[in-house]
Amino acid sequence: MNTSAHQFHEQATRLSHDLRHRALIQTALEKYEVKRDEKKAVFQDWQGARQRAAEIKWEAVNHLDAYLVDFARKLEGRGTKVHWAENGEQAREIIVGIARAKGARALIKSKSMTSEEIHLNESLEQSGVSVVESDLGEYIVQLRGEAPYHIVFPAMHLTRDEISDLFTRKLGTPPTKSPEELTMIARRVLRQKYIQADIGLTGANFAVAETGMISITENEGNSRLTSALPKTMITLLGIEKIVPQLADLALFLPMLATVGAGQLISGYNTLYGGPRQPGEFDGPEEFHVVLLDNQRTVLMSDPEQRDALHCIRCGACLNACPVYRNIGGHTYGTAYSGPIGSVITPHLRGLLEWKHLSYASSLCGACTEACPVQVQLHHHLLQNRRNVNRQKPVWWEKLAFRAFAVLANSPGLWRLAQKAGRLAQKAHPLIKGGALDPARPWTQSRDLPPLAKETFRDYWRKRR
Amino acid sequence: MNARDAILARIKEALRTPAPPAGARDHDSGHPPTGAPSRDFSRFLPAVGDSFEDRIQSFRAAAAELKADFRLFETQEQALASLRQLSAEEKWQRLGSHRGALTDAACEILRLPVVQTDQAYDVAALEACDAGLSECDALVAQTGSVVVSSRSAGGRALSVLPPHHVVLARRDQLVPDLPQALAMIQKKYGDHYPSMISFITGPSRTGDIERILVLGAHGPKKLTIFCF
């Protein structure tokens, strides 16, 4: 077992027995579920909206080269510098390079999962640029030296008491049990950071090809401030964020808010189409957009799973996933956790190294059903398993299935095996869950259902 | 080959094998869709009534749910009287604003020192204002959103930096839904978009601590909309 798989198993085992952790996640998600269902019901045709959203993302992804060219040309036409990065290293170099050229010492950031993907903060810090996360949840996990726990709710795993302790330790503020007071502490600290920052760095939710705009969805207003006050603005986004037309946002913005946070629309949905324009008196003088590939084209070259690039990072599949809800976000060890993370990480970072994630699923399909753009998530998990086996077949699995085929194809042997199973079962309690138990991985924490007293064939013969 | 060309070449190469059509496998027709999907989104989205009253009702309900204060008046004079009262109640000392037919009339009646953001201004001075007064591009009945832009609403910071954002809107700025709001923006600005266009729905908020709603996370703690 490789290191990432080993860590995954160890943490998953620990957290799935941690009842406090489970209760915390359940409470947070139950509140979300009520709101989400309420908002879905307001749509005139939610299923129709999902189908149409999937078709639009299909159109975007399957003509991505043309749309990216349009997008970049429009942005450049209004004074934006567009950069292309084939991988994380190039993106980091570009961004660190901008910081150096500007002589920047402080950078304020609004939420960007793509920056987590390429470990941007570490590179910036190493080049002497201080980085402050401005999204409240991100700020909290940054103070803890942790990765975000969830792509939409980064600090979902923490209680107000833990956050209060953290603030007392790191910021020297008095302890409080009020989420409002805690929020106001962060507001006071971060206000100064916006004003002092030389660069504001954001992610993007959508990139509109038709008009050359990026679209950012948020509730706190931190992204608005990040893109209003510093002199230089940088937006980092994956190439798959494209939507063809401005009109498409009328569908995507309310869908994202509904499944992402249980809101009909988020607090701020903002379009940025350039740096400060003639006749404008604030906003950045320079606007840089960094388009990142980082193996997305590898995922794209698998037509079967190309729809995973339709993902709008709403987090709905994480929230619906029974595995995520028990093992939590950090266990995955990846920037993108939950079902979508399990699908795309093997493409982005290596199939064999990350194959274990494809098995962290009951294949129940709750993720596929939750997905607003109909990514066929649980089918892809199964396809990943198949691909692993094609690439690196496991000899004993092949042998076991060959033996099973012999058994299942011969009625005499089959009957014999059934008799043997019934006998062996009587002795099983003596070794159940122990080192000698062949079914140990299953039986050490679960019951083995008993075989029926008689076979169906016997039963049928008697009744006939 | 530079990074741009390398990425575009990889995309072209990847797209040589067509993908199955979008969406659920169960409805798989086996053929990729022909032509672009139509953009008739209104039939999927939440319903909005046809009359002005229905739309105002819808805006009011959405705004109330999001803790925005929506005030509708018959005349501009009534709206300004109410604004003056609000200013007195909250003891405003200093305002952020921009030039405009509606904001100019309001600033005149409020008689307070004003930081104008459609000229070079000091960020610290704007931060110290009690309220930011702006006009808007549209109100969206479907969602209770206010559409502002760096051109219509005094730049990027005015609507987020002061603790209270006050919006002045005319009744004819109410549009029914999101598709029409975006169509309005395209029609109004053509190819000369402001550098920022924002759909603001309710005051700044967060649920990042135990999913409990707190207003005023980074931006305004209050949003008041005067419509006449």
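This is a predicted model: local features need pLDDT of at least 70, side-chain atom pairs count only at pLDDT 80 or more; totals for chains, interfaces and linings use all residues.
Strand β9 (residues 268-272) of chain A and strand β9 of chain B pair in the antiparallel sense, and five bridges join them. Strands of a sheet pair through backbone hydrogen bonds, either parallel or antiparallel.

- On the chain A side, strand β6 (residues 213-218) pairs with β9(A) in the antiparallel sense over five bridges, and the bridge partner of A:Ile214 in β9(A) is A:Tyr272.
- On the chain B side, strand β6 (residues 145-149) pairs with β9(B), also in the antiparallel sense, over four bridges, with B:Val146 standing opposite B:Ile200 of β9(B).

**How strand β9 of chain A is enclosed**

- Five of the five residues of β9(A) are buried, so this strand is largely enclosed by the rest of the structure.
- From β9(A), the residues A:Tyr268, A:Thr270 and A:Tyr272 point one way, while A:Asn269 and A:Leu271 point the other way, and all of them are buried.
- What does the loop between β9 and β10 (286-292) of chain A contain? One of its residues is A:Pro275, which counts as buried because 20 other C-beta atoms lie within 10 Å, and 20 or more are required.
- Leaving aside neighbours within four places in sequence, A:Pro275 is in contact with residues of chain A, including A:Gly79, A:Thr80 and A:Phe287, and also with B:Ser195 of chain B.
- A:Pro275 and A:Met233 are 42 residues apart in sequence, yet their C-alpha atoms are 7.9 Å apart in space.

**The contact between chains A and B**

- Across the two chains, 68 residues of chain B are in contact with 85 residues of chain A.
- On the side of chain B that touches chain A, at least two residues each are supplied by α1 (3-14), α6 (178-189), β9 (196-200) and β10 (205-206) of chain B.
- The largest share of that side of chain B comes from α1(B), which supplies nine residues.
- By residue type, the side of chain B that touches chain A divides into 38 nonpolar, 18 polar and 12 charged residues.

**A second sheet, within chain A**

- Six strands of chain A form an open sheet in the order β1-β10-β7-β4-β2-β3, with parallel pairing.
- Its edge strands are β1 (81-85) and β3 (130-133) of chain A, each of which pairs on one side only, and the twist from one strand to the next averages 20°.
- Within this sheet, strand β2 (residues 106-109) of chain A runs parallel to β3(A) and is joined to that strand by four bridges, and A:Ile108 stands opposite A:Val132 in β3(A).

**Chain A as a whole**

- The secondary structure of chain A comes to 23 helices and 10 strands, and the C-alpha trace of the chain spans about 90 × 55 × 45 Å along its principal axes.
- Of the 464 residues in chain A, 51% are buried.
- When contacts in chain A between residues at least 6 apart in sequence are considered, 73% of them join residues at least 24 apart.
- Chain A is divided into domain 1 (1-42 + 306-392), domain 2 (67-294) and domain 3 (411-463), and the centres of domain 2 and domain 3 of chain A, taken over C-alpha atoms, are separated by 57 Å.

**Helix α20 of chain A**

- Helix α20(A) is hardly covered, for the count of buried residues among its 14 residues is zero.

Definitions and conventions:
Residues are numbered from 1 along each chain as its sequence is written. Chains are lettered from A and ligands numbered from 1 in the order in which they are written. A residue is buried if 20 or more other C-beta atoms lie within 10 Å of its own, exposed if 12 or fewer, and partly exposed in between; C-beta atoms are placed from the backbone. Domain bounds come from an automatic or database domain assignment. Two residues are in contact if their C-beta atoms, placed from the backbone, lie within 7 Å. Ala, Val, Leu, Ile, Met, Phe, Trp, Tyr, Cys and Pro count as nonpolar, Asp, Glu, Lys and Arg as charged, and the others, Gly among them, as polar. Two strands pair if DSSP finds at least two bridges between them. Axes are lines fitted to C-alpha atoms, for helices over the stretch in contact, and angles run from 0 to 180 degrees between N-to-C directions.
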